[in-house]
Structures are given as C-alpha cells and as structure tokens.
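We'll take a short walk, one stop after another.

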There are 2 protein chains.
Amino acid sequence: MHRTHTCGELRTNHIGTQVTLSGWVQRRTDFGALTFIDLRDRYGITQLSFNEEYNKELNEKARSLGREFVIKVHGEVIERSSKNDKIPTGHIEIKVTDFEILNASLTPPFTIEDDTDGGEEIRLKYRYLDLRRNAIQDKLILRSKLNKAVRDYLNNAGFIDVETPVLIKSTPEGARDFVVPSRMNEGQYYALPQSPQTFKQLLMVSGLDKYYQIVKCFRDEDFRADRQPEFTQIDCEMSFVEREDILSTFEGMIRDVFQSVKEIDLGQIPILTYDDAMKRFGSDKPDMRFGMELVDLDDVAKGNGFSVFDNAESIVAINVKGGNTYTRKELDAFTDWVKRPQIGALGLIYCRVNEDGSLKSSVDKFFDETKLKLWADQCTSEAGDLILVLSGKTDKVRKQMNELRLHVGELQGLRPKNKFAACWVVDFPLVEYDEESGKWHAMHHPFTSPIPADRDKMQTDPGAVKANAYDMAINGMEVGGGSIRIHDKQLQKRMFDLLGFTEEEAQEQFGFLMNAFEYGAPPHGGIAFGLDRLTAILAGTDSIRDVIAFPKNNMGRDIMIDAPAPLNADQKKELGM
Amino acid sequence: MHRTHTCGELRTNHIGTQVTLSGWVQRRTDFGALTFIDLRDRYGITQLSFNEEYNKELNEKARSLGREFVIKVHGEVIERSSKNDKIPTGHIEIKVTDFEILNASLTPPFTIEDDTDGGEEIRLKYRYLDLRRNAIQDKLILRSKLNKAVRDYLNNAGFIDVETPVLIKSTPEGARDFVVPSRMNEGQYYALPQSPQTFKQLLMVSGLDKYYQIVKCFRDEDFRADRQPEFTQIDCEMSFVEREDILSTFEGMIRDVFQSVKEIDLGQIPILTYDDAMKRFGSDKPDMRFGMELVDLDDVAKGNGFSVFDNAESIVAINVKGGNTYTRKELDAFTDWVKRPQIGALGLIYCRVNEDGSLKSSVDKFFDETKLKLWADQCTSEAGDLILVLSGKTDKVRKQMNELRLHVGELQGLRPKNKFAACWVVDFPLVEYDEESGKWHAMHHPFTSPIPADRDKMQTDPGAVKANAYDMAINGMEVGGGSIRIHDKQLQKRMFDLLGFTEEEAQEQFGFLMNAFEYGAPPHGGIAFGLDRLTAILAGTDSIRDVIAFPKNNMGRDIMIDAPAPLNADQKKELGM
C-alpha cells in the first residue's frame, strides 16, 4: 500500500497514529542534524521531520532528496513545535521512521511554485510540470466542479445527456471545418463539428424533449491569442418552449453554478435588448459590473460651430466618477489610446467638472460654461467628475466608446475579477448586410427564427427583422448564446433563400434537416455556453489556456507532444495521398 | 406557453384542472361523432377526447389529424369511462376545448411503434424518426442515467474530470489513426486519439492523483458488425495505487452503476487468473452466468486406440445438464456448427448419460461403458446429461469449446439478457509472439508494467512474464481493461526495446512521456470501460448501434447526413491538396 492518508488530511486528532504517506518533495530544509521536508500531493502539504538523534542514517538519506522526488514515508503523527496556521496540516508533522524513493527527479526546468520563474513556452512544453502548480491545478479542479454543477442542474431539470457524432459532414458555410479523410471511402472526408447544432435539432424532432451535452467542438480559424482549435460547449436544446422558458431555465443554471462553485449569488439577470445594449454600452456584451453608461450629447452639443460635432452622426459621452483627478498627461494618454488603429477615433474631447463646480473642456473655444453645463446635466455629472466625448458615425462611435469605457473602468478599479455581473441581450437583428459580398448574413446562424411579429418583413425589409435569439454576457464577455429555432420547412427555405443559398445548396447541405421538418418537428430552441470561457471567468483568469489541461499555442501546435506532425509514407499511401 | 403538463404527468387527482399539452399524435380512433387521440411525448401518452355533441367543428378538425402531427391542446382533465391500467395516465383523459396544429407530418416511412415495420437501412436514414420509438429512446435515456451514475460515483471518490485533447499526434503503432490535415502547418497532420492513454499518464505525473473522463475515441478499422469508428470510453487513472486498489475502486463503480440504473446487486466480482479463465472457460472474457465449465479428459480418454484423441494435445469436454433430450439430428447440428470455418473443429464427440444411468457415445467402438464412466465421473455428469468432447491443440480446442459452451448455453436458456455476471481476469501475459513478424507484441499496450516478480524474465523469457493488467468481463463480453503502468524511464525503455522499437522511434513517438518520467513520476495505474458496450449490456441489446444516437453503418457511413462526402475545390486548395 502506498498511503494510508493523503498529504492534506492529518490533524492534531491523528497524533500518535502510525501513517504512510506518498508524495512529492516540495521543499527540504536542512539543519544538519535536523531535516524537514514538505511533502506535497493534490490534497495538501504535510511536514516530515528527520532527526539525527533518532536515526542518523535516515536523516542522511533524507538530506539527499531533491525537489520533486517522489517518496513514500512511514512514521508517527506528532505535534509540531512551531505551528503553521496557514495550512490545515500545520499543527502536526510526521516523525519519519522509514522511507523509500519511488522515483527520482531531475531538477525541473522552472520552479513548481505559484509564482514560477518559467516563461509560457517552456511551461507549455513541460505542461505536466506546470500542472503541478496550484495556480493551474486549482483551475482544472474548478473546471471539474463547474462541469458537475452544470450536469447536476440539467439532470435535475430532466435533460438527457446525449452524445452526437464527431465524424460528420463538412458545411462550407461559416468558419472553416477541420476535415478527416476517409480511408474506406477514398476521396471523401468527414468534418469535425463546429457545434452539434443540426444534431440537437434532430433530437428535438425525435421527441427527446430536453437534451444536453458537454462536448468538444472544432474550428479551423487563424488563431488569436485566446482562441483554441478545439473548445468545449455546454450544448442544450428544449422542445415546446418559448424564449422566456429558455431564459429562465438557463438563468437558473448559471446562478446555480455560481452558487455551488463560488458561493456567489449572481442575483436576477437583467434582460437588455440589443438596441438598448448598443445605445447604453456600445456593446452587445456589456460589462455590467459598473455604470459609466454612454450618454447621447447630440441635443446639447450640436450647432455650436464645432464642425467635428456638427458633422457627426452621433456625439457620445461617458461620465467618469471622480475622474477630474486625472492629470493633463493622463488625459493625453487617453487621446492617444483612442487614436490607436485598434480603436480608430480621430480625437477625444474632455470636460473637467472641477471641485468648485466650474467646467473646463478641451473645446472651450466653441463651448462656454453655460453650454458645458448642458453636457454635465445630460451626464448627471458632479463636482470632481470627468466627461469624455467621442463623435462620428453612430455604430463606430458607440463601439469606440465601449472600448474607452472598459479601459477607464479597468483603470478606476471598477472591474475586479472577483465581482461578477451577468446580463441577457435579446432581439438581435436576424441578418446583417455584407457590403463586400452584397449578401445578407445570419447574425447567429441560419436556423435562428425571426420574432413572429417580424416574419413578414423577411422579404420586404430583412435588416429590420429581429431574431428570436439571446446571448448571455458575464463581465463583458459573451459566455453563451442561442435562439428559438425555425421548425417549419417553408420558413427554413425562406431563410436559406434570404441568405443566398440556391435550392440545391440548401438541399445538399441541410436536406436531412429540412426533410426532418416534414415529419412533425416540434417548436424548439436552445443555447450553448462556452465552457472554457465560463471557467476562465470563474477562475479569474484572462486566458482560456489556463483552464485547459493541454492547450495549443497560437499556431495551433501542441508543443509538448509536437503535433501536428508529418505522416509516414505508409499512412499517406493508405489514405490515397 | 406550449404546455402546463407533460403527456406522462396527469392522474385522477388532476380531474377538473384546465391543462395545456403538446405532443405527437400517436394514434387516432375515429367513431364519427366521437374521436380519441393518443397524444405522445417523451414522458408518456395521454388520451384526448373530442365529441361532436359538445363541439362539432373541433371534432371534425380532430378527425383530420394524421399520425405524427404535432399539436397543442387545451382542455379539462376528466375521468375516463373505460380505464386503461397499463399506462400511468390511463384513468384520465382530456376533454379538449381547443387545439392548434403546431406542425403537420407526412406519413412516416415506417411505423413509430416498439415493433416497427422498418428495416435497418431506412431506420438509419430516418434516424430522427427511429429515435421516437420507445425501444430506442429508452436506451438513450438509460445511457444518460448510466453516465450520471458513473460520474456520481467517481466524483464522490475524489476523481477530477479532465478533458484531454482530440487533436493529437499520430502514432503508427497499433490500430490505424484517423488524421486531420493542418491548414496552418502545411504537410502536417493531427491525429484523433484512439485513447487518451499518454495524456492521462501525464496527468498522473502532474499530480492530479485521480482522473476520469467520459470521452470519444477513434479507430480507423475495417468495420465489423459491432464496431464504430468513434466510440466512448470511461477513462480513469489513479496515482499511488496497486492492482487491488484499482480492482476495488472499479468493482465499486460497476456495482454502483448496476444498483442505480437497474436496481440489481451484482454481488462481489470474482477474480480469475488468465490461465484459470482459459482452462475453465476457454476464454479471457468468460460468461459467468452459467457453469458448464471445460473439463480436461486427457487422463481418462487417451490411450484407448482412438487416434484422434491419442494424437491430440488436449481433450476437452463440457457437461450439458439435461442435454440427453437432444435428438440425434440436433447433435449432428452441433457437429456441423463446430465444423464451420469460424470455429474450425474437425468433429465433435458426444456421450449421452441416459435416464437409467447407461452411457452411449459416438465413439463406442473405442470406449466401452466402463471407460465412458470415467468421462462421466470426471464431468460429474448425472442421469439425463450430455457430454460434448473436442480435441486438438490446447489453445485452439479451448477456444472452440468456449464457442460451443456459449452456443449450447444460449440454446439451454442459460444466458438470459436480464441476468448479469461480471468477473475480473488478471495476470495476462505481458507480450505475445507474432510468428509472422517475428516480433513480440504488447498484449495490452506498451505502457503496461510487468508483475514485479517477473521483471527479470523480460530479457530471458519474455513469453513467461505476466502483466500487471486486468480486464473486466460481463456476460462474456469485455467491458473494461487496464493496468498498473510503467512509471520508470529505464523500464519503459526496456519495454520499447522488447517490442522492437528503435531508440529513435521510441523517442520520436513517446519522448515526451519518457521525459516526463524523469521528473518524479508517481506509481500509477488505470482502467478504461467501453461505455457503448456497457450500455448495450445493461439495455439487453446485442448491438452497440442501438445505444448510439446517430451511429454509422458497417461502411463507416452516416447515411442520414450522407457523410463522409467529397470536399469542394476551395476547401481542398486551402488544405494544400
């Protein structure tokens, strides 16, 4: 037997017990005649003591142990003379009577500590060592707990966990598929799913009523810092539901998850329309941890001879509470920040609200204090605040102001990682027009139904049609989204038609789904949450790589196993390449 | 709102309640003035009634409803005049006051009944309709329950659910990999995992201690009736364990699963050595639902001038309890059965034990009754039994007798689908010699450790080395297997060496694992269960296709979505093909 207890288990009530522990040497403290070792496993750290007085040979042997050696020790639990209140096992130690080296260790290429000295590249290469660090291991454990909380909720709500296939068919629409050549069917390919969308809809046609799956999905994209070619979705679908049923079911799920994983009550999740979200936050995934909402200054800032404003479609402000403390230099830095190509603003106007109530702007030439007072009133600014103003095309200026709001919010400490605020965004446009291709594109996907009242506008005014769709955002990041689906073959045809599919294309790619709709498809809808992103938010990390056991790097490579890699000649031949 | 209740929910205590139900028209019974409809959803069936007397128009409309139409009805729960005790809702019906057709249905290509008239091909093509049948839907629900039971047990036992990557590296050893061309790294390929073996071992190196995952695995094999290119494993690994720890943990899991899913106590699971299993059952996955064990007749049947026996390495019998009732014609059929090429026996000897105790064999010429008495004694045969005897090379004759035992057991009704018997088989050979290639092959895989006592024989007598491995069989089918792994780089090298890997090959394919072993790898071991097979056994079906929502056919095709399929030219170009 390798252990009677784990390294996180022993307390003062075990004093006097003979125990066997196994684990890793975290730290050795060598006082010559006296040696202490911190023995580590997933469950904690237990101090081992060796004393020359009792056993000279054993103490010598202990002095030879290096970091990360794996040992099995036998001894008695004794009270510790100098207690450590920071760890649960800090009141006891093991007086070791015997031990065995189970495996030696080379010196690790970086320290196995919360604050490691290893860079990302080397830590990815030795991911199995990086995973020994609590900082990472705790995140995997949190992910496992989250997973369980989600399943518990959905199982209790009567959802059935069904696996859908991974080897499916390529649909050239949307993001790029990873494909898999079929040896048995030369010249033909499977594709890996970007989501189980059509399968979960077919499960509704099959009467399964409530489906869920926590499932790997795949997207062959040009990788950005925080994208992975394989990612995990909490994928759900329900029959005989309307939007409100979905929202309440999954508000319940998310609140439950936060409660069981973080003991946090998220509270009721507010519902914003897409138009509202864009107007108030300039974003369809607003960070609701703080206010600083966008204020429309059109009425009070136009027509004063300042051509930048006069020619702008929209003038938008935010009021930074207590922001008058920013120096001129800091304000200039904001201007530089919004002028970077990523944001693309031409300039930034500010107006200080001084402690004495006087107002001072960067456009005093055009706006006297009476006029600035109108700005301040519109923004409900108070003494000590700062008003920041951008202008231009409405869509663009809102997006820019969203970025600035998040940036200033970050600086102001309004976006702490241990605070969480969720919201629903609903009533998205069904389709958006792409100037370049001259085509309408589905904002979500082609299976999303229009809001019933807007159906008739699909032919006459597609851009005005709202989708019966919903997204959930937490802390300014999209964590989930879905829609009430089309379940009617004729409507689905009209949708494909609107998106520029020929009848043949629609039939070839989604014929099986449209056929299925002819055999009694129920009304249905669903949602999918990004498990990686949700875990990262709960874990308080910005990178989803931190919550994936073996992530790929920015080039889609696993540098630990060195994949992808060339095939050998036999394999190529068998695949007819 | 689409429903206030499901179709399986209403009872006599709901009488008088106004309800809304949605579901499918299972059956319409038309009495002209009176129409009854069975409305179906996942939860059950509720009878709807329409009466010309109350509402002529509505009754007429109801008479137009076809099978599988989706409707939403509103009405009052009333007591049923002719009660149906076979279904939980059989004492009530809905007096419908209004209904709406949510979707029409074409006539399904086969009947949606437990006993359908559809062949397998058409049912696979319209799988979404096949899945409406209780016979299939119940199996998916059972699978979901099994899944939950497994997770509950493992979560409670401190296992962490960790996802390992799907896009990994090809290892040309073993079965064929499915590969995925990388667009970002032209000429390079990912492979889909045949199992997460190396990753779960790395998780042990990382100190995760107890890992599990229910995960899709992939194997590009020539498909047999009951193989799927993608299949699901319950994959587990533990650190600081010996064989007994694994056996007791997973005996607990399997017993727990049977208890929670089927309310069956499997009892303690017996442990057989491989040698014992082969000797007693001729199989390393014996069906323990019944006895009829193999009996060695060498001592009592050799040296009587019957050259078939005299020249055989082994003479093996089974005693068929009450088998003397088989007619001569039936015995001839057994002989034909064992002579088929799949079995390959040259003949079958029998000996009847008559009701009066007299013995009558097919080889009376060589064996008089005194000699046959020795057979009967060896087989502990009683009046009315039948002894069946095969002879030949030991390995071959045992396998043949295993097949015959299963065949006769089936005929005798000794293998009912609702009876379950599990066993562990341990002490497998580590390697087996392949005459053709002149190489030793790993019986499990190259990461399996030899039993400590046998380590030194690895160089001198590889064939005699036992593996520290274990399989679990239920009802004669392998459901799981695993081993205590090698965690020592030197031993792993010796193993690769024995299997004929050059140092370069070993380094290229598994270098990352062997490197990991140098940084304090703990002793560890694990197991994987086939979820598809386990579900099929619990569901009492012979085909794993019945427990997979969207299975592929024997050619690895999904005939519903028609995959695999050719790629379009753009996709090929992007992939550099």
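Before the first click, a word on names: helices (H or I, at least four residues) and strands (E, at least two) are DSSP runs, numbered from the N terminus. What you have open is a predicted model, so local features need pLDDT of at least 70, side-chain atom pairs count only at pLDDT 80 or more, and totals for chains, interfaces and linings use all residues. Residues are numbered from 1 along each chain as its sequence is written, chains are lettered from A and ligands numbered from 1 in the order in which they are written, and side-chain values use heavy atoms, with hydrogens and water left out.

**Stop 1: a cis bond**

Select Pro564(A). You'll find Pro564(A) in the loop between helix H16 (531–539) and helix H17 (569–574) of chain A. Look at the peptide bond that leads from Ala563(A) to Pro564(A): it is cis, with omega near 0 degrees. Now jump to chain B, where the bond from Ala563(B) to Pro564(B) is cis, again with omega near 0 degrees. Most residues other than glycine have a negative phi, and most peptide bonds are trans.

Back in the H16–H17 loop of chain A, pick Ser543(A). Leaving aside neighbours within four places in sequence, Ser543(A) is in contact (heavy atoms within 4.5 Å) with Asp226(A) and Ala536(A).

**Stop 2: a positive phi**

Next, select Met292(A), in the loop between helix H7 (274–281) and strand E12 (295–296) of chain A. Met292(A) is not a glycine, yet its phi is positive, at about 55 degrees.

**Stop 3**

**Stop 4**

Show both chains. Chain B can be laid on chain A with an RMSD of 0.1 Å by a turn of 180 degrees and a shift of 0.0 Å along the axis; the superposition is by least squares on the C-alpha atoms of residues with pLDDT of at least 70 in both copies. The two copies are thus related as by a two-fold rotation axis. Which residue of chain B comes closest to that axis? Select Val180(B), whose C-alpha is 2.5 Å from it.

**Stop 4: where the chains meet**

Highlight the contact: 116 residues come from chain B and 116 from chain A. Of the interface residues of chain B, 100% are also interface residues in chain A, so the copies meet through the same surface. Between them the chains bury about 10,200 Å², 59% of it on carbon and sulfur atoms; buried area is the accessible area (1.4 Å probe) that two parts lose on being put together, summed over both. In chain B, pick Glu163(B), Phe240(B) and Tyr519(B), which lose the most area to chain A, together 8% of what that side buries.

How many salt bridges are there between chain B and chain A? The count is 6, where a salt bridge is a side-chain nitrogen of Lys or Arg within 4 Å of a carboxyl oxygen of Asp or Glu. One to zoom in on joins Arg143(B) and Glu163(A), at 2.7 Å, N to O. Then select helix H4 (residues 134–156) of chain B, which gives the most to the side of chain B that touches chain A, with 9 residues.

**Last stop: a tryptophan**

Finish at Trp337(B), in helix H10 (residues 328–339) of chain B. Not counting residues up to four places away in sequence, Trp337(B) touches Ile343(B), Glu403(B), Leu404(B) and His407(B).
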